[in-house]
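Here is a short report on a helix crossing and on aromatic ring pairs. The model comes first.

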Amino acid sequence: MGLFDRLRGEDDPRVAFIGVDGVPYSLLADHPKRFPHFAALAAEGTAGEISSIVPPESSACWPALTTGVNPGSTGVYGFQDREVGTYETYVPMGQDVQATRIWDRVTDAGRNATVLNVPVTFPPQRNVQRMVSGFLSPELDAACHPGSVQADLDAMDYRIDVNPKLGHDEDKTAFIEDAHETIDARFEAFSHYIQEDDWDLFMGVFMTTDRVNHFLFKDYERDGEYAEEFLEFYEVVDEYIGRLREMLPDDVTLVVASDHGFTSLDHEVHCNRWLAEEGWLSYRTDEPEGLDDIADETRAYSFIPGRFYLNLEGREPRGSVSSEDYDEVRDELAEQLRSLTGPDGNPVVERVVEKETAFRGDHDEIAPDLVAIPANGFDLKSGFADEGPVFDTGPRNGMHSFDDTSLYIDDPDVEIDDADLFDIAPTILEYMDIEYRRGDFDGASLV
């Protein structure tokens with residue numbers, strides 16, 4: 001394998017996992033001629049649509065995918081979580097993931113792992129041979145282990161993420177150029193370490209796909225101004241997947257997956273403004289800035305994406321909902337969410353999931369009481385500004401979806417019907433012949 005080919009006698013099987021953040025299966029499957037490498041991977045292996053998790057948000061999805069367990073066990077429910085027993089909030093980072101990552105299982109088995117650009121892995125772990133943290137990392141120099149990696153990445157013009165502010169411009173030209181530069185450098189890094197490192201598990205994530213989808217997906221779905229540029233970007237993604245597959249040795253199984261799907265965004269729905277209008281939420285100040293500004297009489301508040309919390313006595317510092325009234329109040333809120341309609345008269349929420357249905361684990365104290373899965377076109381926001389409309393539009397025209405998540409495995413003898421994100425971790429371990437307990441995961445091996 002490059003400079004570090006091992007002579008191991010009877011080689012252990014290996015896996016290369018390539019993440020394509022937010023890429024819907026329908027996008028790839030509907031254009032086999034434009035994306036021939038994905039089409040070949042599907043024809044020669046197995047491919048299909050799987051389900052994401054509740055909620056389908058990258059900060060929660062990647063810990064779930066890389067541990068095989070739900071947010072109740074990882075302790076990460078979204079981009080923002082609440083400190084136990086307070087109204088203080090924090091942005092979960094890698095050290096906040098409380099479940100065992102797949103690369104930890106690999107290293108515990110005496111095998112090597114290279115982990116590049118996986119979201120929610122900052123700061124980089126020192127127990128793997130190489131890790132470059134992805135989304136949420138502040139600076140590249142702090143994201144690299146070992147530190148010598150930075151010089152190589154600097155030479156490639158590697159960056160942790162695109163500049164999303166460019167996507168806010170009406171003219172998307174600069175944003176698209178930045179997206180291409182970012183993914184070009186990411187591919188260069190992946191191809192370099194795939195060939196140079198002595199790994200048993202390689203995990204690399206292209207997150208630029210998610211960024212492009214957020215700002216251009218409606219152009220693609222509805223033949224907008226940048227529809228062709230969108231497809232041209234994905235032709236590059238397809239080319240890179242094909243080239244990475246080609247350079248893998250025969251003893252490596254390739255797995256390609258997204259963490260959630262995508263769809264067009266028509267309306268941003270400001271959930272806390274809706275709660276305030278409906279009498280569920282009130283503030284102690286005229287210009288609220290965050291959760292700590294909610295008033296004692298508040299009965300519910302929301303975090304993205306579509307997470308709803310009751311202001312519960314004994315759990316929240318100024319809780320107003322008693323434990324005796326919990327079920328009744330929660331049912332009332334769930335029913336109002338189900339009956340909410342948008343400016344076009346269509347239902348905003350596809351379904352409402354209670355926490356005991358979605359989450360299992362040791363982190364119940366910070367779990368949302370309800371999660372609203374939106375209907376396509378309605379993106380659920382949850383800022384705490386007290387002014388403005390409930391329904392609005394912003395610079396983004398694409399949003400995450402629970403369904404239409406992608407999974408490709410370079411093995412024709414796999415069944416992925418009814419699969420979900422939790423099945424990926426045990427599947428990888430099964431391919432690598434690494435032992436695990438069935439009860440360690442919320443999913444099961446697809447092999």
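The crossing of helix 8 and helix 9 is left-handed, meaning that the near helix is turned anticlockwise from the far one by less than a right angle. This is a predicted model: local features need pLDDT of at least 70, side-chain atom pairs count only at pLDDT 80 or more, and totals for chains, interfaces and linings use all residues. Residues are numbered from 1 along each chain as its sequence is written, and side-chain values use heavy atoms, without hydrogens and water.

**Helix contact**

The axes of helix 8 (residues 173-196) and helix 9 (residues 208-221) come within 10 Å and cross at roughly 165°. The two helices are therefore roughly antiparallel (angles over 145 degrees). In helix 8, Phe175, Ile176, Ala179, Thr182, Ile183 and Arg186 make the contact; in helix 9, Thr208, Arg211, Val212, Phe215 and Leu216 do (heavy atoms within 4.5 Å).

**Aromatic pairs**

The structure holds 23 aromatic pairs. Rings of Phe, Tyr and Trp (its six-membered ring) pair if their centres lie within 6.5 Å; planes under 30 degrees apart count as stacked, over 60 as edge-to-face and the rest as tilted. Two pairs are tabulated.

| Pair | Centre distance | Plane angle | Class |
|---|---|---|---|
| Phe17 and Trp62 | 6.4 Å | 80° | edge-to-face |
| Tyr301 and Tyr309 | 5.3 Å | 5° | stacked |

Phe17 lies in strand 1 (residues 14-20) and Trp62 in helix 3 (residues 58-67), 45 residues apart. Phe17 and Trp62 are buried (under 20% relative accessible area, 1.4 Å probe, protein chains only). Tyr301 and Tyr309 are buried too. Elsewhere, ring pairs link Phe35, Phe217, Tyr220, Phe230, Phe233, Tyr234 and Phe262 into a cluster.

Definitions and conventions. Axes fitted to C-alpha atoms, helices over the stretch in contact; angles between N-to-C directions. Helix = DSSP H or I, 4+ residues; strand = E, 2+ residues; numbered from the N terminus. Parallel < 35°, antiparallel > 145°, perpendicular 65-115°, else oblique. Buried < 20%, exposed > 50% of the residue type's maximum accessible area, 1.4 Å probe, protein only.
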